[in-house]
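Take a moment with the sequence and the fold, then read on.

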Amino acid sequence: MRAVDIIRKKRDGEALAQAEIDAFVRGATTGTWPDYQVAALLMAIWLRGLSAEETAALTAAMVASGIRLDLSDIPGPKVDKHSTGGVGDKTSLVLAPLAAVGGVVVPMMSGRGLGHSGGTLDKLESIPGFRVGLGLDEFRAALRQVGCALIGPTAAVAPADRVLYHLRDVTATVESIPLITASILSKKIAEGIDALVLDVKCGRGAFMKHRADARRLAGSLVEVGTARGLRTKALITAMEHPLGRAVGNAVEVVEALETLKGRGPADLEMLSVQLAAHMLLLGGVAAGMEEAEAKVRDALASGRGLEKLRAVIERQGGDPHVIDDYRRLPTAPCCHLLRAERSGYVVGIHAEQVGRATMLLGAGRDRKEDAVDHAVGLVVRAGVGEEVRTGDPLAEVHYRDADRLGKALPLLGTAWEIGDAPPPPAPLVLETLG
Ligand code: URA
C-alpha cells in the first residue's frame, strides 16, 4: 500500500478504508512515512474531511499506536471529563474529587495550557511538590487507593497523536473536526475509561467561536466516541467571559479550593456540579440527573470533595497544607489594579484578551517549550453584570516583571466592556448532546 495512493484517494474526495488509515498512522508513528507525505494527507483530510466511520477508524488506529490501559481490576466505573479549552476553566480541580466521592473512578490525563487557554497540569504544578508525571503503575496504584488521579500525557499512550499534532501545528491543519475528534478520543480511550463527559467550549474565548462549529465538534465526538464503545456525552458551554474570577495558575488553585469549601463563584460551582453529575450518570452510579446532582452537592456540602482533593495532592507528592494556607502557593511579588475608565455595568469581559494578557504576564505559553510562571495571573474584581464607577477596580493583576505587565495592560484595558444597563442573563450550559 503506497502512501502516494492513499494521499491521492483522499485528495480526490474518496473514503479511506481502515487498512489505509492504519497504514497512515503506522507510517507516521514509526517514521516510515516521511513528514511531507504525512502532512500532505493531513491537508487532504483538512480539505476533504472524514466520514464518521473514517474518523472512528482513525481513532482506533491512533489508540493502537500505543498501549491501552486496562483498569478493569480497579472496582467501579472509570469516567473522565475533557474540556476543549477555555479561560479560567479550573473545573477539573473541582469536579474530579466530587465525582470520585460520588462513586466513579476518575483517571484523568490532562494537558498543559497553550496559547490563550490554560491547562490543568500547569495549575496542579503550582502546588509545591505535586507530581503530574506518575508512571502508569503509580497511576494505577493512586486510582486504586484514592479513586482519582490527575496526570500528564505519557509517551506510551496514543504516541501517534504527538506526531500528528506536531505536524498539524506547523501545517495549518489543527482546525479540522475529524482530526480534533480522533486526537481527543484516542487519548481518552487509551486511558482505559468506560465513559467520557466532554465540555465543548463555545464563544470568543474558545477554540470554537460559533455555535454551529461547536455543535459539529460535539456531535462528532459523541458519535465517534459511542461508535468506539465509550459512553459519551457532550455539553456545549459558553466561553465568552472567563469562568470564575481567577485566571492563571496558583490563583486558579485558590479559587478551586474555595469552591470546594462552598465559597466559589456561582458559575464555576454550577458548571463543576453539572459536569460531575453527568459523570455519575454516565458511570451508572445514579439513576437520573436529579439523584446525580444531589450526590455531587452532598460531596460538596459535606466537605468530602475537599478531603478527596487533599488525598489526591498527598498521594501525588504535593503539599496538602496548601488547602489550609494559601501562602504556601507561589505568590507574585507585585499587584496592579486595573480600574474602570467610566461608570456603568460590566456587560462583557473578553475571555480571549484576558487569556492572552495572562499568557503575556507569564502564566501561559506561546510555544510548547516555554516555561510557566505559576504565581502570576489575574483576579476579576468587577464581573459581568456588576455595577462600577469610574476608578473602581476591575481586576487585580498579579505580576513579576514590569515589562510583561506593560505588554498585558493594553489587552486588559479593552477587555472590560462597560455599558449603561446590566446585560440580560445568559445561560452557561447551552446544549447537551448524547
Ligand atoms: N485538543 C486535542 O487534544 N487535540 C486537538 O487536535 C485539538 C485540541
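The largest nonpolar core holds 82 residues, and V106, V354, L378 and W416 touch the most other members. A nonpolar core here is a set of buried Ala, Val, Leu, Ile, Met, Phe, Trp, Tyr and Cys residues joined through side-chain atoms within 4.5 Å. Helix α12 (residues 266-283) gives the most to this core, with nine residues. A second, separate core has 36 residues, among them L198, A218, V224 and L230.

This is a predicted model: local features need pLDDT of at least 70 and side-chain atom pairs pLDDT 80 or more, while totals for chains, interfaces and linings use all residues. Residues are numbered from 1 along each chain as its sequence is written, and side-chain values use heavy atoms, leaving out hydrogens and water.

Contact means heavy atoms within 4.5 Å.

| Residue | Touches |
|---|---|
| V354 | V87, P242, V247, I349, L378, L412, A415, W416 |
| E20 | M1, I6, K9, A15 |

E20 sits in helix α2; helices are DSSP runs of H or I, at least four residues, numbered from the N terminus. Is E20 buried or exposed? E20 is buried, with a relative accessible area of 14%, where buried means under 20% and exposed over 50%, with partly exposed in between (1.4 Å probe, protein chains only). The E20 side chain reaches the backbone nitrogen of A17 at 2.7 Å.

In helix α8 (residues 159-170), the buried residues include L164 and L167. Their cover includes α2, α3, α4 and α9.

Technical notes: Helix = DSSP H or I, 4+ residues; strand = E, 2+ residues; numbered from the N terminus. Polar contact = N/O pair within 3.5 Å; in protein donor to acceptor, adjacent residues only side chain to side chain. Lists of a residue's contacts leave out its neighbours within four places in sequence.
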